[in-house]
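Work through the exercises below with the sequence and the model side by side. Try each task before reading its solution.

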Amino acid sequence: MTEGATVIVLGVVLLILGLVVASLKVLVTIGIILIVVGLVLNLVPIGGSRRRVF
């Protein structure tokens, strides 16, 4: 798994925990932020290369 995919999975887990299990808005907020960061890591080429590596 790449870094971005790991961050997305962690964000989804925290989002589910925040919505269903614990009902904590802090977990929901952190989950949404991690999902966005993971999508950015997956979609934006880092290191100057134009090709995206999946």
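This is a predicted model: local features need pLDDT of at least 70, side-chain atom pairs count only at pLDDT 80 or more; totals for chains, interfaces and linings use all residues.

Residues are numbered from 1 along each chain as its sequence is written, and side-chain values use heavy atoms, with hydrogens and water left out.

**Exercise 1.** Determine how helix 1 and helix 2 are oriented to each other.

Solution. Start with the angle: helix 1 and helix 2 (residues 25-43) pack at about 160°. Their axes lie 7 Å apart. Angles over 145 degrees count as roughly antiparallel. Helix 1 and helix 2 are therefore roughly antiparallel.

**Exercise 2.** Classify L14, V20 and L41 as buried, partly exposed or exposed.

Solution. Apply the cut-offs: buried is under 20% relative accessible area, exposed is over 50%, and partly exposed is in between (1.4 Å probe, protein chains only). L14 sits in helix 1. Its relative accessibility is 17%, so L14 is buried. V20 belongs to helix 1 (residues 3-21). At 64%, V20 is exposed. L41 is in helix 2. With 31%, L41 is partly exposed.

**Exercise 3.** Find the C-alpha separation for L41 with G4, then for L14 with V26.

Solution. Take L41 and G4, which are 37 residues apart along the chain. Their C-alpha atoms are separated by 5.0 Å. Now take L14 and V26, 12 residues apart along the chain. Here the C-alpha separation is 9.5 Å.

Terms used: Helices (H or I, at least four residues) and strands (E, at least two) are DSSP runs, numbered from the N terminus. Axes are lines fitted to C-alpha atoms, for helices over the stretch in contact, and angles run from 0 to 180 degrees between N-to-C directions. Angles under 35 degrees count as roughly parallel, over 145 as roughly antiparallel, 65 to 115 as roughly perpendicular and the rest as oblique.
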